[in-house]
Amino acid sequence: TWGGGLAHFNGSTWENFTMSSGLPANHVFSLHRDDDGKILVGTSNGLAMRGDDGSFRVFNTADGLYSNVVFSMATANDGSSWIGSYGGVARIAKLQ
């Protein structure tokens, strides 16, 4: 999205997630579901991982990302996450 956050349709209604819901930014560039079923959201200000309780845990340069602008994500066979951001790709052993 371009400033609208993330929208989810559950089959009958829409739910919007924005900064007020815990996203690090309202500009969402990418989505990824890892092998554990966790939803990862790449934004213009970090990577958000949605927990089982519905809250978001945010990862940024302090956690090893090259940049807080996250464009792409992939999960390797060993469970590690590869996060593509402005300036480079970071490997995180296991997002928790």
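Of the 96 residues in the chain, 34% are buried, where buried denotes a relative accessible area under 20%, exposed one over 50%, and partly exposed a value in between (1.4 Å probe, protein chains only). The model is predicted, and local features therefore require pLDDT of at least 70, side-chain atom pairs count only at pLDDT 80 or more, and totals for chains, interfaces and linings use all residues. Residues are numbered from 1 along each chain as its sequence is written, and side-chain values use heavy atoms, with hydrogens and water left out.

The chain contains 0 helices and 9 strands, and its pattern along the sequence reads β-β-β-β-β-β-β-β-β. Helices (H or I, at least four residues) and strands (E, at least two) are DSSP runs numbered from the N terminus. Along the principal axes, the C-alpha atoms fill a box of roughly 35 × 25 × 15 Å. Among contacts with a separation of 6 or more, 31% join residues 24 or more positions apart, a contact being heavy atoms within 4.5 Å.

In soluble globular proteins, nonpolar side chains tend to be buried together. The largest nonpolar core comprises 10 residues: Leu-40, Leu-47, Met-49, Phe-59, Leu-65, Val-70, Met-73, Ile-83, Ala-90 and Ile-92. Two or more residues of this core come from each of strand S5 (46-50), strand S7 (70-75) and strand S9 (88-92). Another core, of 7 residues, lies apart from it and includes Leu-6, Val-28, Val-41 and Ala-48. A nonpolar core is a set of buried Ala, Val, Leu, Ile, Met, Phe, Trp, Tyr and Cys residues joined through side-chain atoms within 4.5 Å. Beyond its neighbours within four places in sequence, Ile-83 is in contact with Leu-47, Leu-65, Val-70, Ser-72, Met-73, Gly-88, Val-89, Ala-90 and Ile-92.

Phe-59 belongs to strand S6 and is buried, with a relative accessible area of 4%. The C-alpha atoms of Phe-59 and Gly-46 are 5.7 Å apart in space, although the two residues are 13 apart in sequence. Val-58 also lies in strand S6, but is partly exposed at 31%. Not counting residues up to four places away in sequence, Val-58 touches Gly-22, Pro-24, Leu-47, Ala-48 and Asp-63. A separation of 15 Å lies between the C-alpha atoms of Val-58 and Ser-72, which are 14 residues apart along the chain. Asn-60 is located in the loop between strand S6 (56-59) and S7 and is partly exposed, with a relative accessible area of 25%. Leaving aside neighbours within four places in sequence, Asn-60 is in contact with Leu-65 and Asn-68. Asn-60 and Leu-47, 13 residues apart in sequence, are 6.4 Å apart from C-alpha to C-alpha.

Trp-14 is found in strand S2 (residues 14-17) and counts as exposed at 61% relative accessibility. With residues up to four places away in sequence not counted, Trp-14 touches Ala-7, His-8 and Phe-9.
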